[in-house]
Amino acid sequence: MHTEEIGRNLFLIDLETGGFKNLICSYVMKGAETTLIESGPTSSVPNLLSGLEELDVKFEHVEYVAVTHVHLDHGGGAGTLLKSLPNAKIIVHPKGMPHLINPQRLWASSQAVLGFVSEIFGKPESVPKERIIPVTEGTFDLFDNAKLKVIEATGHASHNLSFQESINNGVFPGDAAGTYFQEFDAIIPTTPPPFYLEQALASLDNLISLNPEFLYYSHFGKASNAVQRLNDYKEQLKLWARIAEQGVKENWSFETVRDRIIQDDKVTNRLHGYLNSHPIYSETALGTSVRGFIDYARKLWQ
Ligand SMILES: [Zn+2]
């Protein structure tokens, strides 16, 4: 399993979900006790566990698994993972908690939105209620002086949390800051329906006010110049929104909206060839993310 030290007491595990590298990762804050950020999907829990072994993390020393939200690719594997981590508790937004306890509805809606991608992620198993800590704010004391601050960062989902770690001054945004393509040093919106633009922009302002140095994307990897990136992402969301609003007003097809985004957004323009040829990102970045904006714009005119 690919693991990488990316900061002090901080490691990345590439979950290689479905055999795809650089798609989804979990983060490990390792001290006397260990905290994980993101369980990742059910199907790649065995990869996460072998990554922990590679990093010499004892399973009984894992104290928290903080999930940014309960979408299958972030928190879907929580129930399965806890079976191997006897002392770990899940940190999650209260609105996500019922879906961890009873994942049936989440699974059904994921199959509807994600199609075959949901099968690659795998069906979530239930998390026992007593092992969940529901939070929207506050700070967890980890090992030594390490702290994990909770920030509500909705928009991508109505229950997305971000976390700030105190050792390297980085933020785990979840999907609040888009998808990061390290090899292109570029970001593409992660905005499946229902997407809430106003909340997303306000969340980005909150993250900017923390003045982080680094962003640790669940998709995928560590990025520097955090504040600049968050500001750029705000502008990109506004641009996609303007196009979707015009499209809804003028009755454009989905394809026309998507092609206009590819034409007008320099970043998407640079990446669209790669995205189109990718079995997952062709569905998500140029599919569900565009649909999220169209859905948002339609609601404006209702
Ligand atoms: Zn995601």
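Analyst: Happy to. G75, G76, A78, G79, H99, L100, P103, L106, P124, E125 and V127 line the second largest cavity. A cavity here is a set of points on a 1 Å grid over the protein atoms alone where a 1.4 Å probe fits but cannot get out, and lining residues have an atom within 4 Å of a point. This is a predicted model, in which local features need pLDDT of at least 70 and side-chain atom pairs count only at pLDDT 80 or more, while totals for chains, interfaces and linings use all residues. Residues are numbered from 1 along each chain as its sequence is written, and side-chain values use heavy atoms, with hydrogens and water left out.

The second largest cavity has a volume of about 40 Å³, meaning the space filled by probe spheres set on the points, which are joined across faces, edges and corners. Helix 3 (78–82) and helix 4 (97–101) each give its lining at least two residues; helices are DSSP runs of H or I, at least four residues, numbered from the N terminus. By class, this lining has six nonpolar, four polar and one charged residues.

In total, the structure holds two cavities of 30 Å³ or more. The largest cavity has a volume of about 50 Å³. Its lining comprises 13 residues, with H156, D175, A176, F195 and A200 nearest the centre. Helix 7 (197–209) and helix 8 (226–249) each supply at least two residues of that lining.

Definitions and conventions: 1 Å grid on protein atoms, 1.4 Å probe; cavity = no way out; pocket = protein on both sides within 12 Å on 5 of 7 lines; lining within 4 Å. Nonpolar A, V, L, I, M, F, W, Y, C, P; charged D, E, K, R; others polar.
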